[in-house]
Amino acid sequence: MAASTYASPMEKGWYYMHRLICGAVLLFLIAPILVIIPLSFNSVPFFTYPMPGLSLRWYEEFFLTNRWQGALHNSIFVAVSVTLLSTALGTLAALGLSRPNFPWRTVVMSLLISPIVVPLVITAVAAYFFYAEVGLLNTYTGLILAHTTIATPFVVITVTATMMAFDHSLTRAAAGLGAPPITVFFNIILPLILPGMISGALFAFGTSFDEVVLALFVGSVEQRTLPRAMFSGIREEISPTITAAATVLILFSIAMLTTVELLRRRSERLRGIRTT
């Protein structure tokens with residue numbers, strides 16, 4: 001909304017000052033990203049400005065060496081597994097919570113989202129000692145289950161938000177016409193909540209793909225993920241390849257957030273909400 005023609009000079013001044021402050025805060029938040037991306041094209045193996053030249057050598061090392069590709073493949077495998085598992089569990093939980101007569105809804109919801117409230121290091125320590133007792137430590141299964149614990153709440157939240165605008169009279173009408181529950185779910189419920197499910201799945205994938213604390217506690221060298229490889233690289237040696245890996249993660253995050261926003265607008269159109 002543009003500044004009003006009838007606004008006083010003080011109101012106009014505050015209008016533009018407000019936007020200037022917001023722009024400065026935004027620049028402060030994204031400045032580290034703006035620094036990392038150019039450094040990933042540096043031609044020398046050390047960080048310096050101005051850069052003596054441009055090169056793709058760090059991207060070649062990231063995409064062509066076994067160390068980084070192994071970590072990337074592990075991250076993708078774990079993240080895809082976590083996405084499938086957390087989406088199924090989170091959707092089922094959200095469907096149950098959306099029932100009008102569900103008992104203790106607030107308590108159950110608080111328990112389900114507690115993994116994103118509790119400090120992650122506490123969850124990691126608890127998972128470490130529990131998995132050590134049951135034999136899941138240093139295994140892909142243990143790492144996937146640990147990541148699922150912190151990813152499922154995002155699916156629960158997004159699908160529950162989608163179910164808030166769901167018209168339950170549709171399911172009652174379908175049931176009244178003789179449709180079995182499985183048919184009602186796939187033909188009526190699923191198409192309407194699908195944008196929320198996909199948004200939750202994307203958040204679950206991003207949460208697992210970027211997670212490093214649980215990977216340090218639960219996984220071993222064989223389960224080295226990309227964030228763990230980046231953490232080890234920073235601790236053991238400062239390699240410019242880390243900037244290339246960080247740039248790839250930044251681009252992935254931008255693509256994920258863009259997809260989530262498009263799905264949000266589609267969901268609002270399906271519910272008849274006008275998107276501005």
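Select Arg-228 and display its surroundings: apart from its neighbours within four places in sequence, Arg-228 is in contact with Val-212, Ala-215, Leu-216, Gly-219, Ser-220 and Val-221. Please bear in mind that this is a predicted model. Arg-228 belongs to helix 10, which spans residues 226-236. Is Arg-228 buried or exposed? Its relative accessibility is 13%, so Arg-228 counts as buried, the cut-off being under 20%. Next, show the side chain of Arg-228 together with the backbone of Ser-220: a polar atom of that side chain lies 3.3 Å from the backbone oxygen of Ser-220.

Now turn to a pair of helices. Two packed helices are described by the angle between their axes and the distance between the axes. Select residues 66-97, which form helix 3, and residues 181-210, which form helix 8; they pack at an angle of about 140°, and their axes are 8 Å apart. Helix 3 is therefore oblique to helix 8. The crossing of these two helices, helix 3 and helix 8, is right-handed.

To view the contact itself, display side chains on both helices. The residues of helix 3 that meet helix 8 include Leu-72, Ile-76, Val-80, Thr-83 and Leu-95. Among their counterparts in helix 8 are Phe-185, Ile-189, Met-197, Ala-204 and Phe-209. Sorted by class, the contact of helix 3 with helix 8 comprises 15 nonpolar, six polar and no charged residues.

Finally, select Leu-29 in helix 1 (residues 9-39). With a relative accessibility of 55%, Leu-29 counts as exposed, because the cut-off for exposed is over 50%.

Terms used. Residues are numbered from 1 along each chain as its sequence is written. This is a predicted model: local features need pLDDT of at least 70, side-chain atom pairs count only at pLDDT 80 or more; totals for chains, interfaces and linings use all residues. Side-chain values use heavy atoms; hydrogens and water are left out. Axes are lines fitted to C-alpha atoms, for helices over the stretch in contact, and angles run from 0 to 180 degrees between N-to-C directions. Helices (H or I, at least four residues) and strands (E, at least two) are DSSP runs, numbered from the N terminus. Angles under 35 degrees count as roughly parallel, over 145 as roughly antiparallel, 65 to 115 as roughly perpendicular and the rest as oblique. A crossing is left-handed if the near helix is turned anticlockwise from the far one by less than a right angle, and right-handed if clockwise. Contact means heavy atoms within 4.5 Å. Ala, Val, Leu, Ile, Met, Phe, Trp, Tyr, Cys and Pro count as nonpolar, Asp, Glu, Lys and Arg as charged, and the others, Gly among them, as polar. Buried means under 20% relative accessible area, exposed over 50%, partly exposed in between (1.4 Å probe, protein chains only). A polar contact is a pair of N or O atoms within 3.5 Å; within protein, one must be able to donate a hydrogen and the other to accept it, and residues adjacent in sequence count only if both atoms are side-chain atoms.
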